[in-house]
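Hello,

Here is the structure for your work. My notes on its side-chain contacts and one hairpin follow below it.

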Amino acid sequence: MNRTTLSLLAAATALAAVTGFAAVTAPDADDTTATAKTAARLPVERSSLLCPAPSTSELAETVYTSFTPGGTAGGGTGGAAELAPSVAPLDDTEDAAADEKKTDEETADDPASDEPANEDETNEDGTKDEAKKPAADGADAKVKPFLAVKGPGKPVSATKNAADAPALVGSATGALAPGWTTQQTTTITGGESRALYGMSCTPPDTDFWFPGASTDKSRQDYVHLTNPDETAAVADVALYGKEGTLKSSTGEGIPVPARSSVPVLLSTLTADAEPNVTVHVSTRTGRVGAVVNAAEEKAGGDWLAASADAAPRAVLPGVPEDATSVRLVVFAPGEDDAELKVQLAGKSGTIVPATAGETLNVKSGMTASLDLGDVTKGEAGSVIVGPAEGGRETPVVAALRVVRGKGTDQEVAFIPATGPVTERATVADNRAKGSTLSLTAPSGTGKVKVTASAGSEGGAQVVKTYTVKGGTTQAVTPPVPTGLKGSYALTVESESGGPVYAARTLGETKDGVPLFTVQTMPDDRGMVSVPATKEDLSVLK
């Protein structure tokens, strides 16, 4: 094989390890214009998602909503998108085993069958799977799917009550892989833990940063580590406070067994109780999904998703208009200190809040925080962090702790820094009432198309276009499908202009408490760039 072919295989291997396999199609042999310098945008052929166990409360009700947007160019047909318990209940496993045995017997007895019951299957890369071997990414054939998407463009939902809702692992293939997303929404309406917990289930990875966590006595923060694969993973969890690394003798070498989820209480990893902590999760072997469940005394709780990759600028969209307290938490993971300017992009423009001061200094390896108070003052906005004037461009990770309500009627949520919608982003489980879409264009006017999908139980999709002026945030009630029954998905697609960042707020009021959760909407990475080549890749099969 020459270098072009090897590079192509390396790219495909890297994609497989993180998000999925990219479709690779060689140009026509007669096309003399194709070179290794050009690249095609092609849909991924496989993607993976992990959902942690939602709650230990007997009062919890969890709704799972899964969705793949339609209209992906080159997406083809067929495929599957299924989520199953990370550890199957015994009865499910036995039933599945019985069904498999019956299928094998029927296949063996069928004279018209051309395929041996135990024939190995050939993958696109030319490798073979051993007969009966469970697939990676949670696609174990012996585990009954808990939730399965039937086709692009229409969400499916399932509900689980009480504390026995399991962690879910799964994968999507074929036409259902590009843009596949799943929302996990848990409502706890009673007790001290009453809250609305929401998160978009995460793909597996090897490195995560969580600014905004805590080891304070008023918080119970668990980092959930979920392993989708058939081999064990080993993870390290490091904590950083305002003075640097928090001493810990138990955060290294945490085993995460195959197809399982392990919750780790952060306050058990260190004797230091700090209100603002940055968590770094990395794996020594294998890969995991990681997310922090944060519960706060007298203020409910929510999931804290990982910050976007460290960058000199961070955008945190979706701060509600009635926020009563906003705290920014920032961490500089590199060797350089950061001197930052903190701004708020609102409906009419971008300002430097009075509570932000002139600059925020963040020492390398230390967690810094800034209380912004009721910074939105009745006008929804987005926090933008970047280098101060004359300051160096130091990569940082960031998140917001946001509170609505006062006194005993408070509820907390978290907004991590996120990436722009470069092509498309989707969030599921929107309702007829209580959904707010925030769109922010920090550097220049941008135009996006927003599609409200068909409902999970009925209704027709609706499409609307928004133009977001540079330096502003639009907080809108998103379009609702015609004749909506059930819940629906929102898909945001970039059309023209500067980058647009998006977030969805889901809210409801229970007994006077403004429960809410915010999910940022980074690009779904359903399309990947694959270098073109003159090589005939069929020789690799």
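Trp 209, Tyr 240 and Phe 331 are linked by ring pairs into a cluster. Rings of Phe, Tyr and Trp (its six-membered ring) count as a pair if their centres lie within 6.5 Å; planes under 30 degrees apart are stacked, over 60 edge-to-face, and the rest tilted. The model is a predicted one, in which local features need pLDDT of at least 70 and side-chain atom pairs count only at pLDDT 80 or more, while totals for chains, interfaces and linings use all residues. Residues are numbered from 1 along each chain as its sequence is written, and side-chain values use heavy atoms, with hydrogens and water left out.

By the ring rule there are five aromatic pairs. One of them is Tyr 64 with Phe 146, edge-to-face at 5.2 Å centre to centre and 80° between the planes. The two residues are 82 apart in the chain: Tyr 64 belongs to strand S3 (residues 60-67), and Phe 146 to the loop between strand S6 (128-129) and strand S7 (147-149). Strands here are DSSP runs (E, at least two residues), numbered from the N terminus. Tyr 64 is buried at 0% relative accessibility, whereas Phe 146 is partly exposed at 25%. The classes are buried under 20% relative accessible area, exposed over 50% and partly exposed in between (1.4 Å probe, protein chains only).

Salt bridges

The count is 17 salt bridges, each being a side-chain nitrogen of Lys or Arg within 4 Å of a carboxyl oxygen of Asp or Glu.

- Arg 424 and Asp 524 have their closest N and O atoms 2.7 Å apart. Arg 424 is in strand S30 (residues 424-430) and Asp 524 in the loop between strand S39 (513-520) and strand S40 (527-531), 100 residues apart. Arg 424 is buried at 8%; Asp 524 is partly exposed at 22%.
- Glu 393 and Arg 313 meet at 3.0 Å, N to O. Both sit in loops, Glu 393 between strands S27 (381-387) and S28 (397-404), Arg 313 between strands S20 (300-304) and S21 (314-319). Glu 393 is partly exposed at 48%, and Arg 313 is exposed at 51%.
- Arg 327 and Asp 371 meet at 3.1 Å, N to O. The pair joins strand S22 (residues 323-331) to strand S26 (residues 367-373), 44 residues apart. Arg 327 is buried at 17%.

Arg 219, Asp 221, Glu 296 and Arg 401 also form a salt-bridge network.

Nonpolar cores

A nonpolar core is a set of buried Ala, Val, Leu, Ile, Met, Phe, Trp, Tyr and Cys residues joined through side-chain atoms within 4.5 Å. The largest has 31 residues, of which Leu 316, Leu 328, Leu 360, Val 383 and Leu 400 touch the most other members. Another core, apart from that one, has 29 residues, among them Phe 210, Leu 266, Val 281 and Ala 294.

Strand S39

Eight of the eight residues of S39 are buried. Val 513, Leu 515, Thr 517 and Gln 519 lie on one side, and Pro 514, Phe 516, Val 518 and Thr 520 on the other. The charged end of Arg 404 sits over the ring of Phe 516, 5.1 Å from its centre; the rule asks for NZ of Lys or CZ of Arg within 6 Å of the ring centre and within 35 degrees of the ring normal.

S39 pairs with strand S38 (residues 501-510) in the antiparallel sense over eight bridges, where pairing requires at least two DSSP bridges. Thr 517 is the bridge partner of Leu 506. The hairpin has two residues between the strands, and Asp 511 takes a positive phi near 55°.

Regards

Definitions and conventions:
Helix = DSSP H or I, 4+ residues; strand = E, 2+ residues; numbered from the N terminus.
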